[in-house]
Amino acid sequence: MKMEFMEHTLSEHEKRLTSLKSHHPCDEDTLTAARILKSLPTPVVALSLSGDLIALNRAAAVLFEVDQENAVGQPAEEVFSTGCAHTLKKIARRSADFCVVSRATLTHADRDYAALAAPLRHDGIVSGAVVVIGPSTPSAPARDLAPVRTADGAGYWVPIYIPNSSDTSDTTIHFR
């Protein structure tokens, strides 16, 4: 029984490795995604289902004061503080397991940040989650920031709260 379990586990790992190798990092989709990630001024972290760091952009590396090159591929616990790693893994796992957008408050360096996670899919298979980190917005009504399913059912509208400091009104912008 133990040998069958080990063979099954090895078989699953071999399938995953084959899948990863089939997506060579030089294909155009990967290069485009890397360029987009690199150019975002907002901290973005991607975690695998096992909690390993798949990617982080420069803004996230600066926020968490980590070496961007050496962090990728490491377990979250080795890159982030214990509290940050726990929160990131928790919302990433919830998002990936239930294929929903998840949100949490992430505390780092005595500051609260809003963390929003979405499932990371490749060829229809969920392989982890992407977490976008932004300033905490306690004045934003939670119901106004809830993800809203699109009319065609193909995805969600995810509101982004941007406080407007020039006047008393707040603005919510929706991206699809």
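Beyond its neighbours within four places in sequence, Ile133 is in contact (heavy atoms within 4.5 Å) with Thr42, Pro43, Val45, Leu63, Phe64, Leu88, Leu106, Tyr113 and Ala114. This is a predicted model, where local features need pLDDT of at least 70, side-chain atom pairs count only at pLDDT 80 or more, and totals for chains, interfaces and linings use all residues. Residues are numbered from 1 along each chain as its sequence is written, and side-chain values use heavy atoms, leaving out hydrogens and water.

**Fold**
- The chain holds six helices and eight strands (DSSP runs numbered from the N terminus: helices H or I, at least four residues; strands E, at least two).
- Their order along the sequence is α-α-β-β-α-α-α-α-β-β-β-β-β-β.
- Of the 176 residues, 28% are buried (under 20% relative accessible area, 1.4 Å probe, protein chains only).

**Helix α6**
- α6 has 17 residues and spans 24 Å from first to last C-alpha, close to the expected 24 Å (1.5 Å times one less than its number of residues).
- Its buried residues are Cys84, Ala85, Thr87, Leu88, Ile91, Ala92, Ser95 and Ala96.
- Their cover includes β1, α3, α5, β3, β4 and β5.
- Just after α6, Cys99 has a positive phi of about 50°.

Conventions: Buried means under 20% relative accessible area, exposed over 50%, partly exposed in between (1.4 Å probe, protein chains only).
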